[in-house]
Amino acid sequence: MLGRLSKHLRRCISTSPCKCGLQDGPFSVHPDVSQAVVEGRPVVALESTIITHGMPYPHNLSTAKEVEAIVREQGAIPATVGVLEGRVHVGLSGDELDFLSRSKTSLKVSRRDLPYVISKGLSGGTTVSGTMIAAHKAGIPVFVTGGIGGVHRDGENTLDISADLTELGRTPIAVVSAGVKSILDIGRTLEFLETQGVCVVTYGHSKNFPAFFTSQSGYCSPYHVSNPEEAAELIAGNLSLGLQSGLLLAVPIPQEHSATGGEIEDAIQRALAEANSKDIKGRDVTPFILQRVNELTKGKSLQANIALIHNNAKVGGQIARALSERKQRKTGPQRKEGKKEKGHDPNVVVVGGINVDFIAKGKTKTLLFGQTNPGSVCQSFGGVGRNIADCLSRLGQECLFISAVGADSHGDAVFNYCKHMNTSGVAKLRDQRTATYCAVITESGELSLGLGDMDIHQQIKEQYVSHYEEQLSAASLVCVDGNIPASTIKYVCSVAKKHSVPVWFEPTDADKASKPFLCESWKALTYTSPNLAELCTINHTLGLPTPPVLPESLEEVLSCAASLSRPLLEHLQCVVVTLGPMGVLLCGEHEAGAVNLQPRKHRRKGRLCAFYYPALTVPSEETVNVSGAGDSLAGGMMVGILRGWDTHTCVHTGLQAARLSLSSPHPIVPTLTLDSVHPLRAHTQPWPQPTCLWMEA
């Protein structure tokens with residue numbers, strides 16, 4: 001993984017500011033928030049226009065702090081979103097909250113405003129739309145607000161429709177609110193949400209749709225959920241479908257505060273008339289109405305506003321916690337101490353490395369060595385073996401991971417993050433350091449310096465791995481990566497050959513790809529998944545000719561990859577050549593219109609061929625991280641092979657997993673499930689037909 005990461009940084013990071021997480025570019029995630037997301041703990045996003053435009057000072061500041069406290073009381077981490085001097089902050093400190101609450105020049109920042117505000121270094125409160133974008137980028141699925149925007153009264157003539165509604169139609173966030181602000185046209189708003197494909201649900205025992213200050217608007221939601229657990233199931237279902245649209249959970253105002261609803265509604269009508277007479281339009285309408293209604297009701301509307309926001313925060317926190325607990329139940333810890341009972345051996349054993357990666361990116365074009373430079377640092381958990389085991393575990397495949405970490409804080413963080421995995425085979429070594437990698441990068445993305453501390457990988461020795469020989473010999477598949485010593489790979493291959501266990505070798509990088517091919521170990525391999533450079537290294541190690549320069553055009557790349565794979569197929573079942581954004585080339589025995597991926601029990605009979613599958617396109621603005629795409633592809637394919645799926649379904653599952661990885665700040669997307677990657681459930685568009693290339697005998 002070290003080699004791949006550093007090479008990718010040289011090539012790509014200058015054009016993709018968020019490649020290594022949201023600390024780069026215009027986004028900054030508070031450490032408490034990012035850590036909670038990484039660990040799968042509940043997090044609730046909160047908007048900030050209620051601070052900058054919704055209430056007067058000091059009510060705005062006290063309410064913001066109270067809302068955060070209520071979220072914490074439910075066991076969740078609050079993440080208030082705001083824009084400070086041109087950076088979108090997900091999670092605000094006390095000082096930052098105070099700054100926004102006192103600011104007289106803060107803007108309301110929606111989707112359309114973000115580019116301008118960022119480019120000018122301005123500050124502002126994020127609307128529902130702006131907050132949804134930031135929450136989604138940070139991996140937070142639950143967002144609490146007071147009420148959403150909608151179709152304004154007389155909107156059929158003015159076309160004054162809030163961006164909140166279109167954002168709900170294209171961003172998969174669950175928005176918990178007190179319904180639609182009662183100053184709007186609620187009926188047309190619900191119709192517009194239906195057109196956008198947004199699932200609208202009332203939280204409670206009826207379908208009555210609330211109208212912010214009152215629990216009943218005269219309209220109904222299509223559905224209702226009665227408790228946090230039902231809401232969590234709904235959110236999980238929406239995410240698993242991959243629809244890319246959000247949910248609106250409408251929470252009625254507490255009964256004790258809804259009694260004043262009639263009085264407030266009268267005040268709203270009067271305020272609307274005044275706004276019309278004063279020709280107040282657009283984004284200025286809502287602040288004027290709220291201020292005027294507060295005056296007319298002598299503060300009753302403000303108190304009701306605060307009460308419903310408090311209630312929404314309580315409900316949202318409970319839903320976020322239920323969603324987190326549901327995930328733990330579905331993909332919960334499989335780690336078991338000691339020897340496993342007979343008959344309960346894992347289907348897959350992965351032996352490989354773990355890395356803790358740190359990417360430091362400067363904020364200046366030139367970095368000055370010998371002194372402190374301004375910049376940002378982000379952390380992630382990687383390692384090819386760890387990534388593949390993570391992917392398999394999240395896809396429901398029982399998997400034992402064998403590796404090593406140091407007895408240090410990084411090792412503790414690894415175990416904490418990997419709770420959903422069976423890490424009983426990960427040794428914690430007292431005199432060793434957990435593998436880490438640090439890249440120092442300029443503002444433009446050029447690699448200035450890379451440092452890797454990978455010595456611990458050499459401690460994953462045959463002597464230690466042999467403690468798990470029983471699990472290795474009983475596995476349905478064994479996967480090894482190139483991080484571990486060549487002697488350990490040789491041992492694993494010998495055990496696998498003795499017990500007829502298929503072995504998948506992931507080369508990791510060009511420098512490590514040669515390890516199994518230094519002796520006869522490679523003849524025990526069933527699968528390998530090199531990129532073109534790694535495939536050249538393998539051929540060179542075997543004394544076979546390789547091209548002096550790697551080809552660039554697709555036609556030449558496919559021809560070269562097929563030619564270099566051909567000699568390996570004398571012993572391997574399949575060579576999976578990963579081609580980055582071009583896709584993947586499968587090389588092996590032809591059977592039933594595809595490459596046969598199922599381990600064969602007989603000598604090869606069919607003709608050799610190669611099938612090319614194009615990658616699923618991911619827009620550059622949606623690409624966040626590429627370090628886990630190849631590992632996600634391999635993990636997805638392994639699951640398909642073990643479940644006996646046809647070759648096309650196996651590859652499409654892997655490609656879908658890779659696509660999700662590209663859009664996540666984590667190498668393996670934390671929300672990964674089998675439903676989210678199965679081609680028949682997650683990809684509604686027709687798949688392009690793969691291209692077949694025949695090989696010479």
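In which strand is Leu451 found? Leu451 belongs to strand E18, which covers residues 447-453. Keep in mind as you look around that this is a predicted model.

Now let us turn to the aromatic rings. Rings count as a pair if their centres lie within 6.5 Å, and by this rule there are six aromatic pairs. One of them joins Phe212 and Phe213: the ring centres are 4.8 Å apart and the planes meet at 75°, so this pair is edge-to-face. Are these two residues buried or exposed? Phe212 has a relative accessibility of 4%, so Phe212 counts as buried. Phe213 also has a relative accessible area of 4% and is buried.

A pair with another arrangement is formed by Phe381 and Tyr417. Here the ring centres are 4.9 Å apart and the planes are at 15°, so the pair is stacked. Where do the two partners sit? Phe381 lies in strand E14 (residues 375-382), while Tyr417 lies in helix H17 (residues 409-417), so the pair ties together parts that are 36 residues apart in sequence. Both Phe381 and Tyr417 are buried.

To finish the walk, look for Phe505, Phe517 and Trp522. Ring pairs link these three residues into a cluster.

Methods:
Residues numbered from 1 in each chain as written. Predicted model: local features only at pLDDT ≥ 70, side-chain atom pairs only at ≥ 80, totals over all residues. Heavy atoms only, no water. Helix = DSSP H or I, 4+ residues; strand = E, 2+ residues; numbered from the N terminus. Phe/Tyr/Trp six-rings, centres within 6.5 Å; stacked < 30°, edge-to-face > 60°. Buried < 20%, exposed > 50% of the residue type's maximum accessible area, 1.4 Å probe, protein only.
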